[in-house]
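Morning, everyone. Please have the structure up on your screens, and we will walk through it together.

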Amino acid sequence: LTMDLIAKSAGHKNRSEEDFGQYLQKITHLNLSDKNIDSIGDLSFCKNLRVLYLYDNKINQIQNLDFASNITHLYLQNNRISSIENLSLLKKLEKLYLGGNYITVVEGLDKVGELRELHIESQHLPLGEKLLFDPVSLNSLAKSLSVLNISNNNIDELEELAVLENLSYLKAVDNRLKHMKDLEVVLKKWTRLRRIDLTGNPICQKPKYKDRIIVQSLTLESLDGKEIHEMERRFLINWKASRAAREKSNERMTDEHTAYVQF
């Protein structure tokens, strides 16, 4: 990570036109993707940086970003990162992209108070292991996080994510989710959920899978990439209520018959 590389990436061609240091202080976007970078060097002169692209490199540690108090978007996908760390001073960070790394635990986010999107799909996990979530980080993200991508991480349950009360979009494609009751528990908590994509999970093969989710989440507008129509939801809710009423009536008749026979 050299000054020349930064100059080229920032599009600065003629340093004589303007003091290079002053120029770097002004830039808000810096694209250092696919540059064979193995470590994040000193970028502290980029005081006003808001968007930093570092994806498709060979970075193995998140470091040297303490200066980046103005960064809102950080792209670190497809590197060699194994730990989420050193982000506590990024107070304005809104979107964090970490897909395709070697992270085993979602942690180190307890001081990042404004994070709205976390993309942590397709981690290179040890054989047989699943992506884990640190409760402290989850609780810290409870009120801010609205988009979460956890696809392809061997995840088999979602209950611990129920604390994310402002979640509007969950992408959990190609995991190991298979229990409807677990899903129904979190859907009750996610009162602002608009979109959920569970394509490629065993749960999708369950009887009445789609119907049960649509009835459970009254805010949901899209399931597995397909729009949910309000007329469809009303029909399913009415059908469920009608079935429940019939079952209750049958139970009452059975009880009355039993009482009569005993009499």
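Let's start with one residue. D156 is partly exposed, with a relative accessible area of 32%. Keep in mind that this is a predicted model.

So what does the side chain of D156 meet in a salt bridge? The partner is K130, at 2.8 Å from N to O. Now place the two along the chain. K130 sits in the loop between strand 6 and strand 7, and strand 7 covers 132-133. D156 sits in the loop between strand 8 (147-149) and strand 9 (169-171). They are 26 residues apart, and the pair links distant parts of the chain. K130 has 27% relative accessibility, and that counts as partly exposed.

Stay with these two residues, please. The space in the largest cavity is about 30 Å³.

How many does the structure hold? Six. One is K130 with D156, and I will show you two others.

Next, E94 and R116. These two form a salt bridge, with the closest N and O atoms 2.8 Å apart. This pair, too, links distant parts of the chain, 22 residues apart. E94 lies in the loop between strand 3 (73-75) and strand 4 (95-97). R116 lies in the loop between strand 5 (105-106) and strand 6 (117-119).

Now to the helices. The side chains of E184 and R212 meet in a salt bridge, 3.1 Å from N to O. E184 belongs to helix 4, residues 180-189, and R212 to helix 5, residues 209-216. The two are 28 residues apart, so again look for a link between distant parts of the chain. Which side of the cut-off does E184 fall on? Its relative accessible area is 17%, and buried means under 20%, so E184 is buried. R212, at 34% relative accessibility, counts as partly exposed.

Side chains of opposite charge can pair when their charged atoms come close. Thanks, that's my part.

Conventions:
Residues are numbered from 1 along each chain as its sequence is written. This is a predicted model: local features need pLDDT of at least 70, side-chain atom pairs count only at pLDDT 80 or more; totals for chains, interfaces and linings use all residues. Side-chain values use heavy atoms; hydrogens and water are left out. A salt bridge is a side-chain nitrogen of Lys or Arg within 4 Å of a carboxyl oxygen of Asp or Glu. Helices (H or I, at least four residues) and strands (E, at least two) are DSSP runs, numbered from the N terminus. Buried means under 20% relative accessible area, exposed over 50%, partly exposed in between (1.4 Å probe, protein chains only). On a 1 Å grid over the protein atoms alone, a cavity is a set of points where a 1.4 Å probe fits but cannot get out, and a pocket is an open set with protein on both sides within 12 Å along at least five of seven lines; lining residues have an atom within 4 Å of a point. Grid points are joined across faces, edges and corners, and a volume is the space filled by probe spheres set on the points.
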